[in-house]
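Reader: I would like to go through the pockets and ligands of this model. Please show it to me.

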Amino acid sequence: MGEQRRVALIGGDGIGPEVTAQARRLLENLIASRGLPIDLWDLDLGADRFLLDGTTFPDDIRDEIASTCSAVLLGALGDPRVPGLEHARDILFGMRFGFDLYANIRPVRALSDDLVPLKGRGKDDVDFVVFRENTEGIYVGVGGQVRKGTADEIAINEDVNTRMGVERIIRAAFEYATSHGRGSVTMADKSNAMPQAHGLWRRVFELVASEYPSIKTQALYVDALCLYLVQDPTPFEVIVTNNLFGDIVTDLGAGLQGGLGMAASINVHAADRSRVALFEPVHGSAPPLAGKNVANPFAALLTAGALLNHLGWPDLEARIETAITACLAAGNCTTDVGGTLGTRESTDAVLAQLD
Ligand code: NAD
Ligand code: IPM
Ligand code: MN
């Protein structure tokens, strides 16, 4: 079965701990039934911890994760008691940036026709993967405020794009297309309004594309991409874009696949997959749903499946998807996806399917 792996679990805030607890049950079930060599390590990080003792993401934890873990599974971060979200940025960006996880890979796949909100479209029409750049762009925190709180305030966040950063995420998208039998890659930018920063994206996209002559390519403005995705997502296979646009496009994508309760994501250093990787549902902490056993756990369960795939068990990811697909078809799911079950009970249904 191979060497022992360590997986850190961070429930986080809001519905994060609830859905992560379900993902933990799934992992425990598979560890026990298949003898997987995985140790789970629960980390107490999030708003509660921050409010208790000021801890966000300590260096020693970060270093221990980097040196001992194969993966981290994160629920969600964001709590109304911490309006500045300092802890969330420290933890989330601490891993994305700190571990140089430059590829945020977000599959957009509908598991049932009923989940697709577009008239006349079904699950076969929604099947693409977004490669979101995850270490640059507007997220780097370069900026500042002058005369804050006055009528003369100036507020700046810089959009940082490096040749190296743009090239490696575009290359990751092409490598994925090549290895997964996808025939096209779409790049989305806003080079009409931002000719300097996004002109770089256009040029590098063309350069990298020339190395993959069998892959069809198109460069779109991101506003047009959003239009086309809602009109007809069928032609899209792989989309590569910057950090901010990737965030927005993948919530739109989540809408196409049945909501945020269905959307999984992977943060990885695509060129060196032996490094620790971060797995998290696309959704946030959904504070109004927290503590009510109503949040959809499927995004977290699908994310756990992606984690198992990353660790070398792609067959288990496929089984989890099949089990969730069956639960959706039978209505054994939460209300957001057409069922009547709670968070725990819909996970029970998935575990029963797996057995
Ligand atoms: P959200 O994703 O928490 O919720 C958006 C909508 O989707 C809400 O209507 C919510 O009820 C629904 N939803 C989300 N997850 C669901 C689930 N599992 N089951 C059923 N419905 C679900 O986004 P938001 O409301 O904009 O943000 C809330 C907090 O989460 C904020 O603090 C935000 O910064 C944070 N956030 C964190 C992450 C993360 O940790 N990766 C991602 C997004 C947002
Ligand atoms: C996401 C979230 C985060 C992001 C927030 C919480 C900073 O929306 O993971 O999609 O913008 O990356
Ligand atoms: Mn988001």
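Predicted model: local features only at pLDDT ≥ 70, side-chain atom pairs only at ≥ 80, totals over all residues.

Author: Residues are numbered from 1 along each chain as its sequence is written, chains are lettered from A and ligands numbered from 1 in the order in which they are written, and side-chain values use heavy atoms, with hydrogens and water left out.

Reader: What makes Arg96 a polar contact of ligand 2?

Author: A polar contact is a pair of N or O atoms within 3.5 Å; within protein, one must be able to donate a hydrogen and the other to accept it, and residues adjacent in sequence count only if both atoms are side-chain atoms. A polar side-chain atom of Arg96 lies 2.7 Å from an oxygen atom of ligand 2, so the pair qualifies. Arg132 places a polar side-chain atom 2.8 Å from a ligand 2 oxygen. For a side-chain N or O atom of Asp247, the distance to a ligand 2 oxygen is 2.8 Å. Alone, ligand 2 exposes 320 Å², and the protein buries 70% of that (Shrake-Rupley method, 1.4 Å probe).

Reader: Which residues surround ligand 2, and how are they classed?

Author: Phe93, Arg96, Arg106, Arg132, Tyr139 and Asp247 surround it (near means a heavy atom within 4 Å). Two are nonpolar, none polar and four charged. Tyr counts as nonpolar here, and Asp and Arg as charged.

Reader: Which residues lie closest to ligand 1?

Author: Of 18 surrounding residues, the closest are Leu77, Gly284, Ser285, Ala286 and Asn296. Backbone atoms make contacts: an N or O atom of Leu77 lies 2.9 Å from a ligand 1 oxygen. Ala286 has a polar backbone atom 2.7 Å from an oxygen of ligand 1. The protein covers 63% of the 800 Å² of accessible area that ligand 1 has on its own. Its shell holds 10 nonpolar, six polar and two charged residues.

Reader: What lines the largest pocket?

Author: The lining has 22 residues, with Pro107, Tyr176, Ile266, Asn309 and Glu317 nearest the centre. Helix H9 (298-310) is among the elements that give two or more residues. H9 gives the most, with four. By class, 11 lining residues are nonpolar, five polar and six charged.

Notes. 1 Å grid on protein atoms, 1.4 Å probe; cavity = no way out; pocket = protein on both sides within 12 Å on 5 of 7 lines; lining within 4 Å.
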